[in-house]
Amino acid sequence: MEEKNYKDINYNEVIVHVNDVSKAFGDLKVLQNVDLKLFNGENLVVLGRSGTGKSVLIKLISGLLKPDSGVINVLGEQVNQLNDKELRELRLKIGFSFQNSALYDSMTVRENLEFPLVRNKRNLTRAQINQEVEDVLDGVGLLRTINQMPSELSGGQRKRIGIARTLILRPDIMMYDEPTAGLDPLTCLDINSLINEVQERYKTSSIIITHDLACAKMVGDRVAMLLDGKFERVGKFSEIFDTEDERVKPFYDYNFIV
Amino acid sequence: MNSAKYKYLMTRKFETLLLEFANLHRFLMRFFREVVSPPFEIKEIIRQCYEIGWKSFPLISLTGFIVGFVFTKQSRPSLEEFGATSWLPALISIAIVRALAPLVTALIASGKVGSQIGAELSSMNVTEQIDAMEVSGTNPFKYLIVSRIIATTFMIPILCFYVAGIGLAGGYLSIISKDQLSVLSYITQVFEAIAPKDIFAMVFRSVAFGFTIGFVSTYVGYYSSKGTEGVGKAANSAVVASMFIVFIEELLIVQILALLG
């Protein structure tokens, strides 16, 4: 598998800046003085073992959790300083694809996609809404499921619909929480291709949380390795694993069955 | 258990209780803040009124009818001893309007609506649907919580009037199974026995019960613990806590109304 080489990244423009952020749950210190930058147009993969705070990081960035200390800057706004209304407006620029897709199970696929659109773009006509929904669903290759309920879809289809629902608001930033978790290898490849397609077609900058190294290699322009609550290694995929660090090596060996 | 450990455990329990009260207070204050601030979720409120109110009609109808019928049947022998069966319509109307209709409606709604809301919100919480709503620019508190509390507060009084009507119909059928009494005469006696303050008390009770059921079940659902066990616990707590508080409220309201005369 070739390492990714996407050209359309502006390394002079920081979209998300996590600066000296710490977060603990009771006595458990999850993130400790973490620093991270996401550049315009790039796919940044955050790797780490389960329970190391990867998902907490993207929840902090999207304002679902508040940091104990430090500053998070997203598109020039300081997330922890925003009031509810400002935070809601900022979130419209951030697409969040959840680990279990988080589709509204009482709604059809069409209603799931319409929900954010109808509530946030109130001036759209019914015809425009239908067109938007169909375009985005077509983009993820699942237009045929438009009238199905989430319970009728496979895991891979649910992931795709979840991504489509976030894309419908045309976000500048995408957050993918474990996009390939629980999927078979071929579906993982489909999802990884979709993440790259989204980057190219919608010009998004993305943070992808995973512990799947094949996914990291295929979609990541840079990879950040979260170890013991800190980003110890950040760089290209090949740079990250060019090490004898006993905390990193087994990770690679296991994933590529060396 | 030594005394130091016992003291530590009691302190922790007391702290947990205080935190729960603080959380309840914050939830209540947020409800009052959100309920008056636009945008108003009219469509969702109407949908919830349909879910909570309209879909409860079959169960409420059966229960209300049985309560009226059985209550009349059981009251008859006592009145017969004094040759006072002609007082049955008055007795039924007072019992139903003053106590049975609001209480039966609230208990049925606690079971049906409370468990439904608790389980639904809790499973949305577990599957991150509430977070998904939040990140897609929707205020989940307003959309999910405020709409449901408004719907229960509005629909339980309507259901209560319906239960009163259907209970009185059950009572009438029970009477005519033994005696002869025209519908007009029955209705006249029913309305002669109740005063406007009884109607007011019924409305007051059912509004309080409706708000309680909505508030308690949304609270336990919204703050449920993660996992499938959390869903079961939330559904169960919604019913148990709603019923418990409804009974406490009934006791307080009866005392207050007695004091007011």
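The legends below describe several close-up views of a predicted model.

Residues are numbered from 1 along each chain as its sequence is written, while chains are lettered from A and ligands numbered from 1 in the order in which they are written. Because the model is predicted, local features need pLDDT of at least 70 and side-chain atom pairs count only at pLDDT 80 or more, whereas totals for chains, interfaces and linings use all residues.

**View 1. Chain A as a whole.** The secondary structure of chain A comes to nine helices and ten strands, where helices (H or I, at least four residues) and strands (E, at least two) are DSSP runs numbered from the N terminus. The radius of gyration of chain A, taken over C-alpha atoms, is 18 Å, close to the 18 Å that the globule rule (2.2 Å times the number of residues to the power 0.38) gives for 258 residues, so chain A is as compact as a globular protein of that length. Of these 258 residues, 41% count as buried, a term for residues with 20 or more other C-beta atoms, placed from the backbone, within 10 Å of their own.

**View 2. The side of chain A that touches chain B.** Here 15 residues of chain A are in contact with ten residues of chain B, two residues being in contact if their C-beta atoms, placed from the backbone, lie within 7 Å. H3(A) gives the most to this side of chain A, with three residues. By class, this side has nine nonpolar, three polar and three charged residues, where Ala, Val, Leu, Ile, Met, Phe, Trp, Tyr, Cys and Pro count as nonpolar, Asp, Glu, Lys and Arg as charged, and the others, Gly among them, as polar.

**View 3. Two helices of chain B.** Helix H1 (residues 3-35) of chain B and helix H6 (residues 140-176) of chain B pack at an angle of about 95°, with their axes 10 Å apart; axes are lines fitted to C-alpha atoms over the stretch in contact, and angles run from 0 to 180 degrees between N-to-C directions. H1(B) and H6(B) are therefore roughly perpendicular to each other, a term for angles of 65 to 115 degrees. Among the residues that make the contact are B:Phe31 of H1(B) and B:Ile145 of H6(B).

**View 4. Paired strands of chain A.** E4(A) and strand E5 (residues 77-78) of chain A pair in the antiparallel sense over two bridges, pairing being defined by at least two DSSP bridges between two strands. A:Asn73 stands opposite A:Gln78 in E5(A).

Note on methods:
A residue is buried if 20 or more other C-beta atoms lie within 10 Å of its own, exposed if 12 or fewer, and partly exposed in between; C-beta atoms are placed from the backbone. Angles under 35 degrees count as roughly parallel, over 145 as roughly antiparallel, 65 to 115 as roughly perpendicular and the rest as oblique.
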